[in-house]
Every structure is written in structure tokens, then in C-alpha cells.
Amino acid sequence: MMKNVKNTIVWFLLILVSVVFVSCKKTPKAGADEIVINGKLTNSAGKIIWLSEFDGKSTHNIDSAYVEEDESFSFKIKPKYAGFFIVSIHKNDNAFLIGNKGETIMLTGDADHLSSSWNARGSNETKRYLTYWNVSRKQLKQIDSLTVLFRSIHTEPDNLSMRIRMDSIFNALMEKQREDATHFINKYPGALASLLVIDAKFSKLPLFYEERDINYFKMLDSGLSKTYKGNPIVVNFHERVQQILRSIKYHQQNNRLLPPGELSPSYTPNR
């Protein structure tokens, strides 16, 4: 009888320990006023993962985590508004997430090549941006290949025709990227992801210029003001668009008063 009681107690303790262990390993989920970022990155064990927030103007660190042997980590944030969050281990190699309250985002990828491998689910805005970024990654790989080839032949005078051909390929890739970005902005004028797209550079060159492409900036300003009213990122973007419009108006007024090629009446040449 006593033996049976002891066995029962032992089994009960084993079950209790198992329940506690499973509870401790349970993946965190976001509350209504939280954003949770759960991650599992290969090659991350023993490293520090950094979480930063981008406010539309600058980036600042808000948290960090040491990655255990199981290569998993978790961040919990209580933001006032939806925003941009950057996960990184190495400098200039990151995953760019867009989070909103109540979202639990699952991030995967290779910690040694995060920007070219990351994937995420659990956030509609991040999903939209990732769709665009996946296409961009393929285009950038082609640019990288072109760059390597160009560097290997640019000093050889006999390869002029090849260099002209490579310039043509680069221009075609640049145009394709701009078409993709334009399509994205037209499709999602009220998405925070579109802010990343309109300010993105492709091979260090901007896809959109503020004054030339003011209509796209105005479209986003209008759409975002409805979707994310009061969000500081959106408010700052609105102020930026207003400044662009003032600059355009100033240039137009100057051109009317002083046509190109004419000198200002106040100009006195040096004698």
C-alpha cells in the first residue's frame, strides 16, 4: 500500500515538473497593448540580439537578448503606436519589422546573413514589406554580380562594348525596381511599409526624388493620415511633405520672377 502511494507521488511530481517545464518554454504571445517578437535564427547561439526602433528620422536601441543554445529569443514591447523595429546581430545586417499593438511576430533566418535571409509572420504590415523586399533581394544579387564583373574589366580598354552592355543591364534593373516600388505605393498608400519603400535606395541611388515625385509623397501623406492618425511617424512625414511643397512653391515663384539665364537686378559683377 505504502509502495503504491510512493509511486503515485513520484509520478505526480514528474508530471508537475513536466508541466512547469513546458510552461516555461511556451512561446510568449502579445497582449492587446503589446508587440511580441519571437525569433529563431540559425548561427545565433551565444550571441547578442539587438532590438532597435526607427522613428522615421533616427534609430535607437531599446532592448537586447542573449541567445541560448536553442537559438531562440523573445522581445516584448509596449508601444504607444505602430512602428518600425529592427532586429540585428551584426552592423548593417538586419531584419526590418513593422509592428502594431496585439501582434505576435515570429522571425526566422540566418544570423550571419540576416538581411538576405530573414522571414516573418504575424504582422500584416511586415508581410507586405517582406513581399517587396524579397523581390528587391533578387535584384540586388544581380547588381552585386554586375559590380564584381565591372570591377574586373573596367581598366581594360578593349572591353568598352561590355561596359556599355553592363550599363544597359543596370539601367534596366533600376527601372524595374522603380516600377515595383511605384506599384507597391499605389497599392498600399495607407501602409507604413510604403514609407520604407518611398525612401529606399537601390544600389545607393534613390528611387524617388522629393520634388520630382511629389505626387507619390502626397498620396502617402493622405493615406497614412487616415490609417495611422496621430502616429508620430506619420505626423513627421506630413510635416516633411509640407516642407517639400513650400520648397516647390518657392522655386516656381523664383522661376516666374527670374527666368533661367537672367541675372538678378541686385547682382553686381566683380570689376
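Arginine 212 is exposed in this predicted model, with a relative accessible area of 54%. The side chain of arginine 212 meets that of aspartate 213 in a salt bridge, with an N to O distance of 3.0 Å.

Taken together, Arg178, Arg212 and Asp213 are linked in a network of salt bridges.

Another salt bridge joins the side chains of aspartate 199 and arginine 240, at 2.8 Å from N to O. Aspartate 199 lies in the loop between α5 (193–198) and β9 (201–202), and arginine 240 lies in helix α7 (residues 232–257), so parts 41 residues apart in sequence are tied together by the pair. Aspartate 199 is partly exposed at 40% relative accessibility, and arginine 240 is partly exposed too, with a relative accessible area of 27%. The salt bridges in the model come to six.

Turning to the nonpolar side chains, the largest nonpolar core holds 59 residues, and Ile37, Phe84, Leu107, Trp118, Tyr129 and Leu192 touch the most other members. Leaving aside residues up to four places away in sequence, the contacts of phenylalanine 84 include Phe54, Phe96, Leu97, Ile98, Leu192, Leu195, Leu196 and Ile233. Ser52 and Glu53 are also among the residues that phenylalanine 84 touches.

Conventions:
Residues numbered from 1 in each chain as written. Predicted model: local features only at pLDDT ≥ 70, side-chain atom pairs only at ≥ 80, totals over all residues. Heavy atoms only, no water. Core = buried A, V, L, I, M, F, W, Y, C linked by side-chain atoms within 4.5 Å. Buried < 20%, exposed > 50% of the residue type's maximum accessible area, 1.4 Å probe, protein only. Contact = heavy atoms within 4.5 Å. Salt bridge = Lys/Arg side-chain N within 4 Å of Asp/Glu carboxyl O. Helix = DSSP H or I, 4+ residues; strand = E, 2+ residues; numbered from the N terminus.
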